[in-house]
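I opened a notebook for this chain and looked things up one at a time. The entries follow in the order I made them.

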Amino acid sequence: MEARPDFARTAPTGIRSLQKLEEYLHGTGLEPQLLELVSMRASLLKGCAFCIDMHSKDVRALGEREQRLYALAAWQETPFFSARERAALAWTDALTKIHEEVSDTLFTMARETFSEKELVDLSLAIVAINSWNRLVIAFRKPAGSYRPDLAR
């Protein structure tokens, strides 16, 4: 199998654009733990092993319980997530599985939970993780090497 390019080295200016979006998102006031759960959920839906590894480590570093991480794949069936987290996870599912309609019911639920700006910022977070997932999967970035203490 032919080695695939390191996308960050090959297109550093483009990657910096995604990194700038990440910096913006971490300054929005959305809870860091919520952002990590959303990133992990989208990564689970896409099957992105590198991002699942990364976000599971990052959210655990924020104090997340293992039980909730294990249940994230079936979050709808568990009592472990708050109403705000459930709304964010439902929004993540809808925006990640874009071939399905984002229903008026879901939009109403999300707007009852998040301010207009928060919902746009949450949507941008989902756009960002889906972009990262697609790059990482396409260029086969190997899982397991990420360490939170070296990332920041």
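This is a predicted model: local features need pLDDT of at least 70, side-chain atom pairs count only at pLDDT 80 or more; totals for chains, interfaces and linings use all residues.

Residues are numbered from 1 along each chain as its sequence is written, and side-chain values use heavy atoms, with hydrogens and water left out.

**Entry: salt bridges.** I took a salt bridge to be a side-chain nitrogen of Lys or Arg within 4 Å of a carboxyl oxygen of Asp or Glu. The structure holds 10 salt bridges. One of them joins R84 to E31, with the closest N and O atoms 2.7 Å apart. This pair links distant parts of the chain: R84 is in helix α6 (residues 83-96), E31 is in the loop between α2 and α3 (32-46), and the two are 53 residues apart.

I next looked up R68 and E85, whose side chains meet in a salt bridge at 2.7 Å, N to O. R68 lies in helix α5 (residues 66-71) and E85 in helix α6, so the pair ties together parts 17 residues apart in sequence. Both R68 and E85 are buried.

K117 and D121 form a salt bridge too, the closest N and O atoms being 2.7 Å apart. Both lie in helix α8 (residues 116-138), four residues apart, about one turn of the helix. K117 is partly exposed at 48% relative accessible area, whereas D121 counts as buried at 3%. Salt bridges that share partners also join E31, R84 and E118 into one network.

**Entry: cores.** A nonpolar core here is a set of buried Ala, Val, Leu, Ile, Met, Phe, Trp, Tyr and Cys residues joined through side-chain atoms within 4.5 Å. Which residues have the most contacts inside the largest one? They are F81, W91, F114 and L122, in a core of 27 residues. Helices α3, α5, α6, α7 (104-113) and α8 each supply at least two residues of this core, and α6 gives the most, with six. I counted contact as heavy atoms within 4.5 Å. Not counting residues up to four places away in sequence, F114 touches L30, L34, R84, A87, A88, L119 and L122. Apart from this core lies another, of 12 residues, among them I15, A42, C51 and V136.

**Entry: F50.** I found F50 in helix α4 (residues 49-61), where F50 counts as buried because its relative accessible area is 7%. Its C-alpha atom is separated by 8.4 Å from that of S145, 95 residues away along the chain. Leaving aside neighbours within four places in sequence, F50 is in contact with V136, K141, P142, A143, S145 and Y146.

**Entry: R140.** Most residues other than glycine have a negative phi. R140 is not a glycine, yet has a positive phi of about 50°. R140 lies in the loop between α8 and α9 (148-151) and is partly exposed at 45% relative accessibility.

Definitions and conventions: Buried means under 20% relative accessible area, exposed over 50%, partly exposed in between (1.4 Å probe, protein chains only).
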